[in-house]
Amino acid sequence: MEKVLDVKDLEINFHTFAGDVKAIRDVSFHLNKGETLAIVGESGSGKSVTVRSIMGLLAKNSVIPKGSINFKGKDLIKASKKEMEEIRGNDISMIFQDPMTSLDPTMPIGKQVAEPLLIHNQMSRSKAMERAQEVLELVGIPNAKNRMKDYPHQFSGGQRQRIVIAIAIVNYPEILIADEPTTALDVTIQAQIIDLMKELQSKIETSIIFITHDLGVVAGIADRVAVMYAGKIIEYGTVDEIFYDPRHPYTWGLLNSMPTMDSKKLYAIPGTPPNLLEPPVGDAFAPRNEYALAIDFEAMPPFFKVTDTHYAATWLMHPDAPHIDPPAEIIRRRKQYEKYLKNQPVEGGAQLGN
Amino acid sequence: MATNPEKRKKIVEVKHLKQYFNVGRKNEVRAIDDISFDIYEGETFGLVGESGSGKSTTGRSIIRLYDPTDGEILFNGRDISKIKNHSAEMLEFRREMQMIFQDPYASLNPRMKIKDIIAEGLDIHHLVKNDQERDARVEELLDLVGLNRDHMTRYPHEFSGGQRQRIGIARALAVKPRFIIADEPISALDVSIQAQVVNLLEDIQKEQNLTYLFIAHDLSMVKYISDRIAVMHNGRLMELSTADEVYNYPLHPYTSSLLSAVPLPDPEYERKRKAQPYDASIEDDSKDRYLQEIVPGHMVYAADEEVKMYKERYDKIHEKKTVSETN
């Protein structure tokens, strides 16, 4: 599969009065063409910082001591300001969480959607406006033709997020980064926006990085999932592997703390995430982990391979580790998966049939 | 969860409540349009709906932040709109009913120390005699919500979102209320922290025999914490029943639509899930609709001639249920 983006050994620190915050600690991942990669984790785990570094939008007090972000044979970390300006909004676009603050309240929406075209493509004004209208229709703004001159406050929250999406896709970007795009929205509007993103992805063949802490949304949109904790990716795999056969105790905790049909008492991961001014030497999750081994406090676990697509950074995967039973909910998920796989037609066979 | 709710004591009774804003002007908003329901002592009553459905307004009306346009709200059998401002009765009403807010960042005064935030209610209601007693009570409350006693002299910015929400809970509990309105208390928190706060709310409820009105748009969490759930849409209640009935065997199409939009952490389920949009035009037949009891304890917003249809739907769903259970 073709890789459109390859992030390697990325480290990002932020200078503060209290010292250096090690926000990203050795993160590597890649994005395949046409796929949706979801990055999940709690606030402060570094998911937003990671994608902002791809866009070159980090705060001024940040430093990148190590790592590379390869896009089309170019390292985005070393790219000049001018080069980044050419890429942003053209090859790589971003959708932000809050549709109320990511639009300019003083500019008509038609002009806002046309702006990337005028900047990147030197398109004529009338042509750009024409194209802006097409894209607004594509994202489902009713009566787009007559609403081009309306201002953001004249639209509802869901419609505003559609406009934000229109701006992001107007140049058919190769990569679309969505940072919690549905968190500020209601469930019903959220469902519409997610359907829209899926539909657009197949239409304009873009690759998506989707950031969220809502595991329900991830299950619906992602092809692959990376789980972040305390500035590191601790597990990644296909969406089925992460939801039905997770291996890291933190992933177990996340899945276990969602209410299910018959849960009597909710499982809560005890404690709070570590302070990244002085990150722990071992597995950062160890103090909150009931399955932690002695070595978890001393050494950082490497990635252990589960399948060709599924890796988990936990010492529990080491051949010498003692056998432990995961929480009942995780065992239930594994069983459900086994049953599901049995009922699936053989993959190769289905392809031959076509 | 008594099986016979009729025998239980009603702590809140909402009767034909209407809450309009900008009455008589062009931009009149009917935020609540004739709703009636009861909340029983010791239960958790969940109120769900989309933004703009009127669920937060309902909570704010019950705690009397607004004067109702029409209808009445009884708390312990007493009409709250008859309580005079600044009266001793109002003070007592405010002590018995407390609120936990959605945004743990905006709801704590950044210039007050934690102990003063928590003790503000104690001071207002003269519940402590001296500083030692005040500190002792604050320490007790911090223990109760799982915070450290050393946190007393710190300021809100030194705490995470989950910790702040615990401070908000301690503040509400300080005056020993009987009824707490929690307006989206967990929607601003991370998944792992949500579970901590929900468990805390449940433990305290058991210990102190509290009654909750839990307002939220996250149906799966509401289903988990609530005994009964009311579904709100456009200022009206569409369905009201036990949490299990509403979540697993909804009767009204709006409830089904809302449920169909909830994503679950299960990729297989998600691949099959089809959102069912709600077509509000089915209400546009100028028939008189109101919340009607279909079977005891299960109410649906319906016209008189629709009751039969809902009864049949109920029987059909529950027939299926017993079949699948025996299999």
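Q: What is the rough angle at which the axes of helix α10 (residues 249–256) and helix α11 (residues 328–343) of chain A cross?
A: This is a predicted model, in which local features need pLDDT of at least 70, side-chain atom pairs count only at pLDDT 80 or more, and totals for chains, interfaces and linings use all residues. Residues are numbered from 1 along each chain as its sequence is written, chains are lettered from A and ligands numbered from 1 in the order written, and side-chain values use heavy atoms, leaving out hydrogens and water. Helices (H or I, at least four residues) and strands (E, at least two) are DSSP runs numbered from the N terminus, and axes are lines fitted to C-alpha atoms, for helices over the stretch in contact, with angles from 0 to 180 degrees between N-to-C directions. The axes of α10(A) and α11(A) come within 9 Å and cross at roughly 90°.

Q: Which residues of α11(A) meet α10(A)?
A: Contact means heavy atoms within 4.5 Å. From α10(A), the residues involved are W252(A), L255(A) and N256(A). Their partners in α11(A) are E329(A), I330(A), R333(A) and R334(A).

Q: How are α3(A) and α6(A) oriented relative to each other?
A: Helix α3 (residues 109–120) and helix α6 (residues 157–169) of chain A have axes 7 Å apart, at an angle of about 25°. Angles under 35 degrees count as roughly parallel, over 145 as roughly antiparallel, 65 to 115 as roughly perpendicular and the rest as oblique. The helices α3(A) and α6(A) are therefore roughly parallel.

Q: Which residues of α6(A) make the contact with α3(A)?
A: On the side of α3(A), the contact is made by I109(A), Q112(A), V113(A) and P116(A). The residues supplied by α6(A) are I163(A), A166(A) and I167(A).

Q: What area is buried between chain B and chain A?
A: In this interface, 30 residues of chain B are in contact with 37 residues of chain A. Buried area is the accessible area (1.4 Å probe) that two parts lose on being put together, summed over both. Carbon and sulfur atoms give 55% of the area between these chains, which is about 3000 Å².

Q: Which residues form the salt bridge between chain B and chain A?
A: A salt bridge is a side-chain nitrogen of Lys or Arg within 4 Å of a carboxyl oxygen of Asp or Glu. The count between the two chains is one. With an N to O distance of 3.0 Å, the side chains that meet in this salt bridge are those of R271(B) and D240(A).
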